[in-house]
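Visitor: I am new to reading protein models, and I would like to go through this one slowly. Could you take my questions one at a time?

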Amino acid sequence: MIRTTSFSLLMLLAVLPVVTSAQPARPGRPGALPALGPATSDLDRANRLRDTDSRDNSAIATMELTYWTSGDLKSVFVKHNPQNLFVTLEVDGAQLKELAKNKKPKVQEAVAPGALIAKGRWSRPGKRWETYCGGNLRVGFQQVVFLPYGGEDGYFGCEIMPRLLPDKVFNSWKDSLAGEQLTGYNDCAGVHPRGSSEFWSCIENSEIPFPEEA
């Protein structure tokens, strides 16, 4: 019996390193993220992780915002889980009148930069929750994410954060640049993190049009 046990133990020790080293990284974990390339900043990585976390936690909806120095503010409302959700946005206390209610974009003109407040009211059978979150309206791409946690009641909350464009959209736009536009892009990318408000302000000041979102 002792010889049999010893032999089994030796076999287990011999096999164990092979099994351990063969285990693949679990998808969806930070260690399994693909290499992001030299143009990727810490802001990019943070946005990717936060976006993944939002999806994993079943975000209710996302209000996508694009803002230009001209004062044009485009909004697109994406419901991840269709629910009775009503959303308003205010800039310096003035409510936006042209605000998207679905994936069809809405554009409001002459919006001055300022304090951005998002308010949400979510109704379910026999229940209703309200939440709000704040930030600053900045040139470039932002998003308001509504989540079934957080907020004052601990169940319904929202966050305002930068919005990183998909690689396919961003790279297609970057590859289309040439001449002075490409030089301007390289100058902006050399001093500002991709996806930051400073980066997109620099792009606009270089007279480069924003990417067309898919």
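Guide: What follows is a set of questions and answers about this model, which is predicted.

Visitor: How many disulfides does a search of the whole structure find?

Guide: In general, a disulfide is a covalent bond between the sulfur atoms of two cysteines. When the whole structure is searched, the number of disulfides found is two.

Visitor: How far apart in sequence are the parts that Cys133 and Cys158 tie together?

Guide: Cys133 belongs to strand E7 (residues 127-136) and Cys158 to strand E9 (residues 157-162), so the parts that the pair ties together are separated in sequence by 25 residues.

Visitor: Is the disulfide of Cys188 and Cys202 left-handed or right-handed?

Guide: Cys188 sits in helix H4 (residues 179-191) and Cys202 in helix H5 (residues 197-205), and the pair links distant parts of the chain, 14 residues apart. Cys188 and Cys202 are both buried. The torsion about their S-S bond is about -85 degrees, and therefore this disulfide is left-handed.

Visitor: Which strands are the edge strands of the open sheet of four strands?

Guide: The sheet is open, its pairing is antiparallel, and its four strands come in the order E4-E3-E6-E7. An edge strand here pairs on one side only, and this applies to strand E4 (94-95) and E7.

Visitor: In E6, which residue is the bridge partner of Thr88?

Guide: Strand E3 (residues 84-91) pairs with strand E6 (residues 115-124) in the antiparallel sense, over eight bridges. E3 is also mostly covered, since six of its eight residues are buried. Thr88 has as its bridge partner in E6 the residue Lys119.

Visitor: Which residue in the turn between E3 and E4 has a positive phi?

Guide: E3 and E4 run antiparallel and are joined by two bridges, and Val91 has Ala94 as its bridge partner in E4. These two strands form a hairpin with two residues between them, and the residue in the turn with a positive phi, about 50 degrees, is Asp92.

Visitor: Which helices are included in what covers the buried residues of H3?

Guide: On the other side of H3, Lys168 and Asp175 are exposed, whereas Val169, Phe170 and Trp173 are buried. What covers these buried residues includes H4 and H5.

How values were computed: Residues are numbered from 1 along each chain as its sequence is written. This is a predicted model: local features need pLDDT of at least 70, side-chain atom pairs count only at pLDDT 80 or more; totals for chains, interfaces and linings use all residues. Side-chain values use heavy atoms; hydrogens and water are left out. A disulfide is a pair of cysteine sulfur atoms within 2.5 Å. Buried means under 20% relative accessible area, exposed over 50%, partly exposed in between (1.4 Å probe, protein chains only). Two strands pair if DSSP finds at least two bridges between them. Contact means heavy atoms within 4.5 Å.
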